[in-house]
Protein chains: 2
Amino acid sequence: MPETHSNDIPSRLTPLSALGEFGLIDHLTAGITLYHKETIKGVGDDAAVIDAGDKVILLSTDLLVEGVHFDMVYTPLKHLGYKSTVVNISDIAAMNGIPKQLTVSVAVSSKFPVEALDELYEGIRMACDRYKVDLVGGDTSSSNKGLFISVTILGEAKKDEVIYRSGARPNDLICVTGDLGSAYLGLLLLEREKAVFHANPDMQPELDGFDYQVGRQLKPEARTDIRDMLARLDIRPTSMIDISDGLASETLHLCKQSGTGCRLFEEKIPINPQTRELAMDFKIIPSVAALSGGEDYELLFTIDQKDYDKIKDAGDISIIGHMTDAREGRAMVTSDNKQIELTAQGWDGFTA
Amino acid sequence: MPETHSNDIPSRLTPLSALGEFGLIDHLTAGITLYHKETIKGVGDDAAVIDAGDKVILLSTDLLVEGVHFDMVYTPLKHLGYKSTVVNISDIAAMNGIPKQLTVSVAVSSKFPVEALDELYEGIRMACDRYKVDLVGGDTSSSNKGLFISVTILGEAKKDEVIYRSGARPNDLICVTGDLGSAYLGLLLLEREKAVFHANPDMQPELDGFDYQVGRQLKPEARTDIRDMLARLDIRPTSMIDISDGLASETLHLCKQSGTGCRLFEEKIPINPQTRELAMDFKIIPSVAALSGGEDYELLFTIDQKDYDKIKDAGDISIIGHMTDAREGRAMVTSDNKQIELTAQGWDGFTA
């Protein structure tokens, strides 16, 4: 077998990119033994679910890595702290739970001044205040290079309130909150201005008028309000997930774990009008930004058809398709009425 | 103000090393608002404590960073996975709780093959099996450089079983499990052999006969057995902490949070005879290895004097001193009967 040079993986070994982020987690945690009857759900949903008597504890964790998840050139540390917190809160919202406690671990270069970490923590505190979450622990360390933020969150819910990814059935309606794709366009704007700045540091960034898209990227919010809205409407979704990796990827997660197929309708996907225009300026089909862009942190959920009347005028919720029998495949019907296979081209930390 | 060169922090800003690891955490989390009555204890002990009806949930997190906490040259990935898990389990043991669920987040260079992560996870699984802990979640990401492991653990205990750092009173006896300093000597051995190897790659490492010290460093165990032993002896410690940073640093934590002083007796500190000899070979006073070396993951706790008879023949537990009134200071009485101030020279991730 020919030797490869030192920067490559020898050919008998498997590169991480061969599995992708989700495949890797599945691979690493396959066949794990669970010892405790309290562990209701381990790996495989937005949060683990742990029995705690008359309620359950929800547990989720997210890792944010400089150069992979964020670019320090255009990410203010306060926003980064806020976003690190919110993406975890969103995972609890996706289980229909209430976020409660949080730990934050940070590794930074020792060249980082305390004042920079203060900014980061001010953002974390702002999110904790906004969403009423208690920062209860963490760890700090130096790193040789780059900033790493690991956040773990605890939430709670009554046992029968928890909504898993796996409960959808054929004919259930697929619903999504808010609008999609803006966070991705915000990213493209920031990347464009970074490139302009590198070419000519005297140029002023042109982000004016795009506050919405840039805000969605740098300072997203979690849809903790949806839990109350659904309770008020007397609707119990059959499955739910938050949109961190893009509508296509998340829909496929629901289908896979529920054992269903799906029909999404391109023209039903909610996209902000300005985002739509901006996408065209970037030569991107707007629905592709929604399907594959990610980081919108809206909630995607399915409901029984009988709940249609309850939800149709709820506002801020779009019905974008329905589940099907698995044999009918996972597809999107395009605006010109063609049926195409739904594929995930979401963010992947190992091919970036 | 003179400009500093780019590698330094401008003088108006504060380097992280000025605060140290514990000072930094205190600084970053000072004055945090806790919103939930369930949050019994936030930052400041081995784990956060959260009310869950008839029991409490314990929550702790640890971050391990390549080049700071471990050296890939002599740390097998399986051992690293095992140790990352055990150090978290130890935090739950230090609260007198039972470890239950765990999440593991890992950032690695995309040049890492899947097989290397498999090794790491095999170690994590071994520890989960050994200590009956459920791996219930995690996250993976690429990193630009180096391996980062963030582990978060949940444990449980009855509310009145939890032992905090803050409950010690003057005259309480200071006890420690097992023996101390061996993990540090193991580290010194590994560092010496690494230096020898760098000087001459044909030299064979000389670690034979020092399995105990090397094992304590690379594959430590958590004292989850002590909870049962104390229950059997009918002893409820007044305070407890695990020894990750060295006996001196941990004793000072107990004193600070309990508002006491202390007298440690150097000659009472339990040190393995071979470790003692090895320390002398390295020109290190053996007690210094115990006081400042760290990573032994033994438990340090205080008990009421009335429990002396119950514990004196328990085995594997040494009484090494007693708490005093805070005004009497925090001191160690040396083997030649001198009283010296106890100072923490434990591990500090920001000055390494």
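In chain A, helices α2(A) and α3(A) pass each other in a right-handed crossing (right-handed if the near helix is turned clockwise from the far one by less than a right angle, left-handed if anticlockwise). This is a predicted model, where local features need pLDDT of at least 70 and side-chain atom pairs count only at pLDDT 80 or more, while totals for chains, interfaces and linings use all residues. Residues are numbered from 1 along each chain as its sequence is written, and chains are lettered from A and ligands numbered from 1 in the order in which they are written.

**Confidence**

- The model comes with an ipTM of 0.90 and a pTM of 0.92.
- For chain A the average pLDDT is 92, and 94% of the residues score at least 70 (pLDDT is the predictor's confidence in each residue, from 0 to 100).
- Watch residues 1-7 of chain A: the pLDDT there is below 50, and beyond near neighbours in sequence the stretch has 4 contacts in the model (a contact means C-beta atoms, placed from the backbone, within 7 Å).

**α2 against α3, chain A**

- The axes of α2 (residues 77-93) and α3 (residues 114-131) of chain A come within 6 Å and cross at roughly 40 degrees. Axes here are lines fitted to C-alpha atoms, for helices over the stretch in contact, with angles from 0 to 180 degrees between N-to-C directions; helices are DSSP runs of H or I with at least four residues, strands are E runs of at least two, and both are numbered from the N terminus.
- That angle makes α2(A) and α3(A) oblique to each other (under 35 degrees is roughly parallel, over 145 roughly antiparallel, 65 to 115 roughly perpendicular, and the rest oblique).
- On the α2(A) side the contact includes A:Leu77, A:Tyr82, A:Val86 and A:Ile89, and on the α3(A) side A:Leu120, A:Ile124, A:Met126 and A:Tyr131 are among the partners.
- By type, the residues of this contact split into 13 nonpolar, 5 polar and 3 charged (nonpolar is Ala, Val, Leu, Ile, Met, Phe, Trp, Tyr, Cys and Pro; charged is Asp, Glu, Lys and Arg; the others, Gly among them, are polar).

**Helix pairs in chain B**

- The axes of α2(B), residues 77-93, and α3(B) come within 6 Å and cross at roughly 40 degrees, so the two are oblique to each other.
- The crossing of α2(B) with α3(B) is right-handed.
- B:Leu80 and B:Thr85 are among the α2(B) residues that meet α3(B), whose own set includes B:Ala116 and B:Cys128.
- Helices α4 (residues 182-199) and α5 (residues 211-218) of chain B have axes that come within 7 Å and cross at roughly 100 degrees, which means they are roughly perpendicular.
- In that pair, α4(B) brings residues including B:Leu185, B:Leu187 and B:Leu190, and α5(B) brings B:Tyr212, B:Val214 and B:Arg216 among others.
- The α4(B)–α5(B) contact divides into 8 nonpolar, 4 polar and 1 charged.

**How the two chains meet**

Methods. Contact = placed C-beta atoms within 7 Å.
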